[in-house]
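The following explanation is intended for a reader who meets this structure for the first time. Please keep the sequence and the model in view while reading.

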Amino acid sequence: MHRKKILIVDDEKLIRWSLRQKLNEWDLEVVEAEDAREALRIFPQESPDLVILDVNLPDEKGTELLKQFRNAVPELPVVMITAYGSIDDAVSAMRGGAYDFITKPIDFLKLENTIQNALETVSLKEEVAYYKEREQERSDPGKIVAADPAMREVMQFTRTIAESEAAIVLLQGESGTGKDLLAQTIHHSSRRQAGPYLVINCSAIPENLLESELFGYEKGAFTDAKQQKKGLAELAHTGTLFLDEISTLSLPLQPKLLRFLETQTFKRVGGLRDIEVDLRVIAATNQDLEAASLNGEFRRDLFFRLNVCPIHIPPLRDRMDDILPLSRHFIQEYNLKFRKNIKGLNKQAERMFLDYLWPGNVRELKNALERAMIFEKGRYITTSYLPFRPDRSGEATSTSSRAPGGRTDAGTTMNLEEMERELLIKALKKASGNKSQAARILGITRDTLRYKIQKWDLKEDDWLGPA
Ligand SMILES: Nc1ncnc2c1ncn2[C@@H]1O[C@H](COP(=O)(O)OP(=O)(O)O)[C@@H](O)[C@H]1O
Ligand SMILES: [Mg+2]
């Protein structure tokens, strides 16, 4: 987290100096201005997180300046310094939208409290705005292709569950079968669609952080807990919480989740109070949860609780009638994205698509088309750039990262996958390791970034160090 920056606007040098000492002590960065003119000049460059503003300035009334700051940045907390005993000053400060006021001589204990509170309020608001933004990103889950009878049946069942009051839904299916997509669709076709849709990937978050990510924590719950933080369970109130890769949930956390599912209440880490929420939980897994519950890797009671409304998404090899419609769907999508005009698969490619077993399911098919569409020069997708060999009759040949036939000049050209890895590292370096920022740079969600970091097994060492 970046250090918060405070702008002090006061014409008295001694006050500025003593404020600076204190603020630095509290690990805050400080910039100063001695009058309104200077304040307005540096304000846009410095974009402070909070302003301490004297009402009495030589060139302009502090309340006037307050108005200008608040016009520029409506959420900006401004703490006014008023003359001792001047009720008028205090009133006009608060009317003008000041966060709070303090009187001279300054009571530093009170000031510290005020600043802490103000900064906390702002970061809470930002947090909510951040989740709102993520929700927006997900507001259109995209069309689900379901042409195969097996998949059509799944979709019908899914619709019934989505519209029901079922509070817990379990999605089971191999990786890449569309669990994420289905979860979003369930949320958006439920009566909770106006509420938030939040996602947590149980395998992408270190075990010790998962509980606080999920349930939040109270100030002082552990060394770094400098302020209270709400967890996703609380933020998802009235909406849907998607727990991805539920099978990786640690054994100690499982009873806590069970209690939450049974009572819709939880305690923040370090908290005593039960917090009640109203939400739907969708859990997903690519593991056989029942088997895991039989051999002690997953609590049996939790499995039963989750398994009330199970939806099983069949692997792509078991719904062959989806293969070509899905291909058409993604070709259309990539035509738009890459500004191409590919008509479809040619006959051989079609054959190859139907013969292949798709161990990576829809995701693999989508990725295969993406790369073929990048390289293909003609109007149809041929077999030249498909990263697999047909194998419905023979041995499965898994996807290799290189285009077949030595088309990728390994000496000079990076293949797509290597490029992705490089891009990830570049973005993370640019964002100094800040994942949200890196995700924004790449135009992907934070979850996707987490997934990709995992996929490439990237460690901090890969992106710390010189850019
Ligand atoms: N039936 C489908 N129709 C359209 N796109 C799909 C379908 N199933 C999966 N996808 C797409 O394939 C990719 C992988 O799906 P995802 O939901 O992430 O799978 P999972 O969560 O099961 O690993 C995503 O880009 C998703 O949008
Ligand atoms: Mg997934």
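This is a predicted model: local features need pLDDT of at least 70, side-chain atom pairs count only at pLDDT 80 or more; totals for chains, interfaces and linings use all residues.

Residues are numbered from 1 along each chain as its sequence is written, and chains are lettered from A and ligands numbered from 1 in the order in which they are written.

The protein has 19 helices and 16 strands. Helices (H or I, at least four residues) and strands (E, at least two) are DSSP runs, numbered from the N terminus. Of the 467 residues in the protein, 31% are buried. A residue counts as buried if 20 or more other C-beta atoms lie within 10 Å of its own, as exposed if 12 or fewer do, and as partly exposed in between, with C-beta atoms placed from the backbone. Among contacts with a separation of 6 or more, 67% link residues 24 or more positions apart; two residues are in contact if their C-beta atoms, placed from the backbone, lie within 7 Å.

Two open sheets may be considered in turn. Strands of a sheet pair through backbone hydrogen bonds, either parallel or antiparallel. Here, two strands are taken to pair if DSSP finds at least two bridges between them. One open sheet has 5 strands in the order β2-β1-β3-β4-β5, and its pairing is parallel. Its edge strands, β2 (29-33) and β5 (100-103), each pair on one side only. From one strand to the next, the twist averages 20 degrees.

Within this sheet, strand β3 (residues 50-54) and strand β4 (residues 78-82) run parallel and are joined by 4 bridges. Asp54 has Ile81 of β4 as its bridge partner, and Ile52 stands opposite Val79 in β4. In a regular strand the side chains alternate between the two faces of the sheet. How are the faces of β4 covered? Val78, Met80 and Thr82 lie on one side and Val79 and Ile81 on the other, and all are buried. Because 5 of the 5 residues of β4 are buried, this strand is largely enclosed by the rest of the structure.

Helices lie across these strands. Helix α3 (residues 62-72) lies across β1 (5-9), β3 and β4, and runs at about 160 degrees to β3. Helix α4 (residues 87-95) lies across β4 and β5, at about 165 degrees to β4. For such angles, axes are lines fitted to C-alpha atoms, for helices over the stretch in contact, and the angles run from 0 to 180 degrees between N-to-C directions.

Strand β10 (residues 240-244) runs parallel to strand β13 (residues 280-285), and 4 bridges join them. In β13, Ile282 is the bridge partner of Phe242.

Attention now turns to the ligand. Ligand 1 is surrounded by 17 residues, of which the closest are Val145, Gly178, Lys179, Asp180 and Val362; a residue is near a molecule if its C-beta atom, placed from the backbone, lies within 6 Å of it. The elements giving two or more residues to this shell are α7 (179-188), α13 (323-338) and α15 (361-375). Domain 2 (138-314) and domain 3 (322-413) each supply at least three residues to the shell, the domain bounds coming from an automatic or database domain assignment. By class, the shell has 6 nonpolar, 7 polar and 4 charged residues. Ala, Val, Leu, Ile, Met, Phe, Trp, Tyr, Cys and Pro count as nonpolar, Asp, Glu, Lys and Arg as charged, and the others, Gly among them, as polar.

Some loop residues complete the account. Pro105, in the loop between β5 and α5 (108-137), is joined to Lys104 by a cis peptide bond with omega of about -5 degrees. Asp27 lies in the loop between α1 (13-25) and β2, and its phi is near 65 degrees, a positive value in a residue other than glycine. Asp27 counts as exposed, with 9 C-beta neighbours inside 10 Å. Thr238, in the loop between α9 (232-235) and β10, also has a positive phi, near 75 degrees. Thr238 is partly exposed, having 13 other C-beta atoms within 10 Å.
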